[in-house]
Amino acid sequence: MLTKKEQRLRRARQTRIRIAQQGAVRLSVNRTNLHIYATVISDDGGRVLAAASTAEAEVRAQIGGAGKGGNTTAAALVGKRIAEKAKAAGIEKVAFDRSGFAYHGRVKALADAAREAGLQF
């Protein structure tokens, strides 16, 4: 019997296989209880092209200090920031990799904010 974490990692692995077959740059999301992280990874999976998270000093200053990185408002801010960084790196279109997490709450807020900021997926 698989644990909850092993089930999530299995779902993530299946998604990454499909994205690798497409040969697309991917926007990978990881969340913890305190923070949310977003990275844009090259199509070969070897390089991080852009990254943003609630652990960054600029983002923490905007969300109001420590302990506030685990909500949808902070996730939306990270989504907007990752879209800006990706566009600055010349990336317009990505494949969304939710890392096995449910498309709900903070993950959905990050994705919606990235779309509104001009990233296509």
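This is a predicted model: local features need pLDDT of at least 70, side-chain atom pairs count only at pLDDT 80 or more; totals for chains, interfaces and linings use all residues.
1. Arg26 counts as buried, because its relative accessibility is 16% and the cut-off for buried is under 20%.

2. Where does Arg26 lie? Look for strand β1, which covers residues 26-31. The side chain of Arg26 makes a polar contact with the side chain of Asp97, at 2.8 Å. Beyond its neighbours within four places in sequence, Arg26 is also in contact with other residues, among them Arg16, Ile19, Thr39 and Ala95.

3. Now turn to helix α1, residues 4-22. This helix has 19 residues, and from its first C-alpha to its last it reaches 28 Å, close to the 27 Å expected at 1.5 Å a residue.

4. Which residues of α1 are buried? They are Arg8, Ala12, Thr15 and Ile19. These residues sit on the same side of α1, because the arc they cover around the axis is only 65 degrees. A handy rule to remember: an α-helix has 3.6 residues a turn, so residues three or four places apart point the same way.

5. What do the buried residues of α1 pack against? Their partners are β1 and β4, the latter being residues 95-97. Ile19, one of these buried residues, is also in the list of contacts of Arg26.

6. On the face of α1 turned away from the buried side, you will find the exposed residues Ala20 and Gln21.

7. Finally, see what comes after the helix: α1 is followed by Gly23, which has a positive phi, near 70 degrees.

Technical notes. Residues are numbered from 1 along each chain as its sequence is written. Side-chain values use heavy atoms; hydrogens and water are left out. Helices (H or I, at least four residues) and strands (E, at least two) are DSSP runs, numbered from the N terminus. Buried means under 20% relative accessible area, exposed over 50%, partly exposed in between (1.4 Å probe, protein chains only). A polar contact is a pair of N or O atoms within 3.5 Å; within protein, one must be able to donate a hydrogen and the other to accept it, and residues adjacent in sequence count only if both atoms are side-chain atoms. Contact means heavy atoms within 4.5 Å. The expected span of a helix is 1.5 Å times one less than its number of residues. The arc is that of the directions from the helix axis to the C-beta atoms.
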